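Here are my notes on this one, jotted down while clicking through the model. Have it open next to you as you read.

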Amino acid sequence: MNYSPKTVFLFFLSCIVLIFNYGLVTTAASNVGLNYGLLGDNLPPPSNVINLYKSIGITKVRIFDPNTEVLNALRGHRDIKVTVGVRDQDLAPLAASEDAVKAWFATNIEPYLADVNIAFITVGNEVIPGPIGPHVLPVMTSLTNLVKSRNLPISISTVVSMANLGQSYPPSAGMFTSQAREQLTPVLKFLSQTSTPILVNIYPYFPYATDPVNIHLDYAISKSKAIVVHDGPLGYSNMFDAMFDAFLWAMEKEGVKGLPMVVSETGWPSAGNGDMTTPLIAATYNGNFVKHVDSGKGTPKRPNSRVDGFLFATFNENQKPPGTEQNFGLYNPVDMKPIYKLF
């Protein structure tokens, strides 16, 4: 079959258009969110950070407190769902008074409702189990009643860590500590009433760094293709799924079944602990987490429920403790260049 030069030219032109539309110029939105921490003295202006998020297709952001500068920068960007934290030090006074909760909301959330898409408010960050853990449920209850009375589409929850588990291996043996049962179980039952997710920080890096002899790196960074852990009929090729499911099993032992779970933080440092923390290893773990989320696949215990979560963190933060804590960022704060390619 013969083609005229014009036909061939138009064909190549259409190919170029397709490439620009679908491959090189536009950035497909990922379902993964990013944590936006502010513990640094060299961070870029929030407006630049929001532009970065837009350029890499980020549509979910978590901030640890209702920072005015960040929330103002988010005005008009309603395509970005924002999770806002209540500061730990505010929990005790807020738990003591419903009026204090109303005042906190009026000051920190109300001014942004018209043009910032606030999707979640989290009450405390890893304070359960602990001395201020008992304040979480009263504040959650007051905030839940407040947003319901206003008919606002904001979910109220809290962020907890895997420290709530006294046992996590194998996943089906997952069980809360006695203090977690006391403080966390009532919170989980409260969330169950409305099927509001519990937010959990899951870091395979920490158990791996503690025991690199018995935990293989490929299992920790979700690189293994083979089943590493057999748990009855369930098989685990990566530690993230095993940790996630251990938390699910622990909830079920407290009579909480089917509660959604969001991964509020996960990540891997790119420096700070020798050859366990290189940009390549961090890129592999974080890249595999992005693939996991974007695949829509669940975990062995919940295969039909997609994993939803946030990577930690946007930037390396130089006011965090020295070592790995300063090196969880995806970007250098000074020039906003990626430490490794992910998005």
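1. Let's start at Leu38, which is partly exposed, with a relative accessible area of 32%. Keep in mind throughout that this is a predicted model. Leu38 belongs to the loop that runs between β1 and α2. Leaving aside residues up to four places away in sequence, Leu38 touches Leu43, Asn67, Val70 and Glu317. For a sense of distance, take Phe120: it is 82 residues from Leu38 along the chain, and their C-alpha atoms are separated by 19 Å.

2. Next, helix α2, residues 46-55. Which of its residues are buried? They are Pro46, Val49, Ile50, Leu52 and Tyr53. Looking down the axis of α2, these buried residues fall within an arc of 155°, so they line one face of the helix. As background, an α-helix has 3.6 residues a turn, so residues three or four places apart point the same way. What covers the buried residues of α2? The cover includes β1 (33-36), β2 (60-63) and α3 (68-73). After α2 comes Gly57, with a positive phi near 80°.

3. Asn108 is worth a click. This residue is found in helix α5, which covers residues 98-108. Is Asn108 buried or exposed? Its relative accessible area is 18%, and the cut-off for buried is under 20%, so Asn108 counts as buried. Its contacts, not counting residues up to four places away in sequence, are Pro66 and Leu71.

4. Now the loop between β4 (117-125) and α6 (136-149), where Pro131 is found. Pro131 has a relative accessibility of 83% and counts as exposed. Gln183 is 52 residues from Pro131 in sequence, and the C-alpha to C-alpha distance is 9.9 Å. I'd look at both prolines in one view.

5. There is also a cis peptide bond between Phe312 and Ala313, with omega about 5°. Ala313 sits in the segment after β12 (308-311).

6. On to backbone angles. Ser195 is partly exposed, with a relative accessible area of 47%. Ser222 is another non-glycine residue with a positive phi, about 60°. That serine is found in the loop between α9 (217-220) and β9 (229-231), and at 22% relative accessibility Ser222 counts as partly exposed.

7. Pro153 has its place in the loop between α6 and β5 (155-161). With a relative accessible area of 74%, Pro153 is exposed. Even so, Pro153 touches Ile118 and Ala119, not counting residues up to four places away in sequence. The C-alpha atoms of Pro153 and Phe289 are separated by 28 Å, and the two residues are 136 residues apart along the chain.

8. Zooming out to the whole chain: how many helices and strands are there? Eleven helices and twelve strands. The C-alpha trace spans about 80 × 50 × 40 Å along its principal axes. For 343 residues, a compact globule would have a radius of gyration near 20 Å, and the 22 Å of this chain agrees with that. Among contacts between residues at least 6 apart in sequence, 68% join residues at least 24 apart.

9. Last, the surface and the charges. Buried residues make up 49% of the 343 residues. The chain exposes about 15900 Å², and carbon and sulfur atoms supply 56% of that area.

Terms used: Residues numbered from 1 in each chain as written. Predicted model: local features only at pLDDT ≥ 70, side-chain atom pairs only at ≥ 80, totals over all residues. Heavy atoms only, no water. Helix = DSSP H or I, 4+ residues; strand = E, 2+ residues; numbered from the N terminus. Buried < 20%, exposed > 50% of the residue type's maximum accessible area, 1.4 Å probe, protein only. Contact = heavy atoms within 4.5 Å. Arc of directions from axis to C-beta. Rg over C-alpha atoms; globule rule 2.2 N^0.38 Å. Areas by Shrake-Rupley, 256 points an atom, 1.4 Å probe, with all protein chains shown as cover.
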